[in-house]
Amino acid sequence: MASTLPGESSAHPADEAQALRDEIEQTRERLGDTVEQLAAKADVKKQARAGAARLGERARVAVARARGQAMLTAAKARKTAPGQARHALDKGARTAREQRGPLAAAVGALVAALAALIIWKRRKRS
């Protein structure tokens with residue numbers, strides 16, 4: 001029965017070499033995943049598109065909400081007296097117009113940001 005000294009392994013050298021190769025391969029895979037994640041975070045264009053998509057979705061929700069509010073107001077107005085109906089319709093129209101302003105501003109800011117990003121990218125390439 002052979003004894004092993006501290007620092008020596010009882011495993012065969014071929015087994016140790018294979019274990020090291022496996023560990024190196026796993027490390028390479030983890031490193032590759034990390035590099036991909038870092039590249040995704042550094043992709044400014046992709047980040048801008050994602051931000052634009054989020055902003056667009058928020059704008060669509062705001063428009064739908066304003067449209068729903070206007071429809072509710074109009075429905076209520078139909079049930080009231082003619083004078084009250086005119087007032088309610090005016091209020092609904094005013095609400096819809098008020099919601100349109102922030103939406104237009106958000107879309108304008110988004111377009112400006114995307115234009116600035118495109119210009120910046122083109123200048124960076126030159």
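The legends below describe close-up views of a predicted model.

Residues are numbered from 1 along each chain as its sequence is written, and side-chain values use heavy atoms, with hydrogens and water left out. Because the model is predicted, local features need pLDDT of at least 70 and side-chain atom pairs count only at pLDDT 80 or more, while totals for chains, interfaces and linings use all residues.

View 1. From the N terminus on, the elements run α-α-α. Helices (H or I, at least four residues) and strands (E, at least two) are DSSP runs, numbered from the N terminus. The protein has 126 residues, of which 10% count as buried. Buried means under 20% relative accessible area, exposed means over 50%, and partly exposed lies in between (1.4 Å probe, protein chains only). The accessible surface comes to about 10600 Å², and 59% of that surface belongs to carbon and sulfur atoms. Accessible areas come from the Shrake-Rupley method with a 1.4 Å probe; for residues, only the protein chains shown count as cover.

**View 2. Confidence along the model.** The average pLDDT of the protein is 80, and 87% of the residues score at least 70. pLDDT is the predictor's confidence in each residue, from 0 to 100. Confidence is highest in helix α1 (residues 13–42), at a mean of 88, and lowest in α3, at 80. Where pLDDT is low, the predicted coordinates should not be read in detail.

**View 3. A patch of positive charge on the surface.** The patch gathers Lys76, Lys91, Arg94, Arg97 and Arg100. Helix α3 (residues 82–125) gives the largest share, 4 residues. Patches are made of residues with over 30% relative accessible area and no salt bridge; like charges are joined within 9 Å, and nonpolar side chains (Val, Leu, Ile, Met, Phe, Trp, Tyr) within 5 Å. Lys and Arg count as positive and Asp and Glu as negative; His and the chain ends are not counted. The place of a charge is taken as NZ of Lys, CZ of Arg, CG of Asp or CD of Glu. Lys91 lies in helix α3 and is partly exposed because its relative accessible area is 47%. Lys76 lies in helix α2 and, at 55% relative accessible area, is exposed. Lys76 and Ala88 are 12 residues apart in sequence, and their C-alpha atoms are 7.6 Å apart in space.

**View 4. Gly92, a buried residue of helix α3.** The relative accessible area of Gly92 is 5%, so Gly92 counts as buried. Between Gly92 and Ala66 there are 26 residues in sequence and 8.8 Å in space, C-alpha to C-alpha.

**View 5. A negative surface patch.** Asp22, Glu25, Glu29, Asp33 and Glu36 form this patch. Asp22 belongs to helix α1. With a relative accessible area of 40%, Asp22 is partly exposed.

**View 6. The salt bridge between Arg60 and Glu57.** A search of the whole structure finds 1 salt bridge, defined as a side-chain nitrogen of Lys or Arg within 4 Å of a carboxyl oxygen of Asp or Glu. The side chains of Arg60 and Glu57 meet at 3.2 Å, N to O. Both residues lie in helix α2 (residues 44–79), 3 residues apart, about one turn of the helix. Arg60 counts as exposed at 52% relative accessibility, whereas Glu57 is partly exposed at 41%. Side chains of opposite charge can pair when their charged atoms come close.
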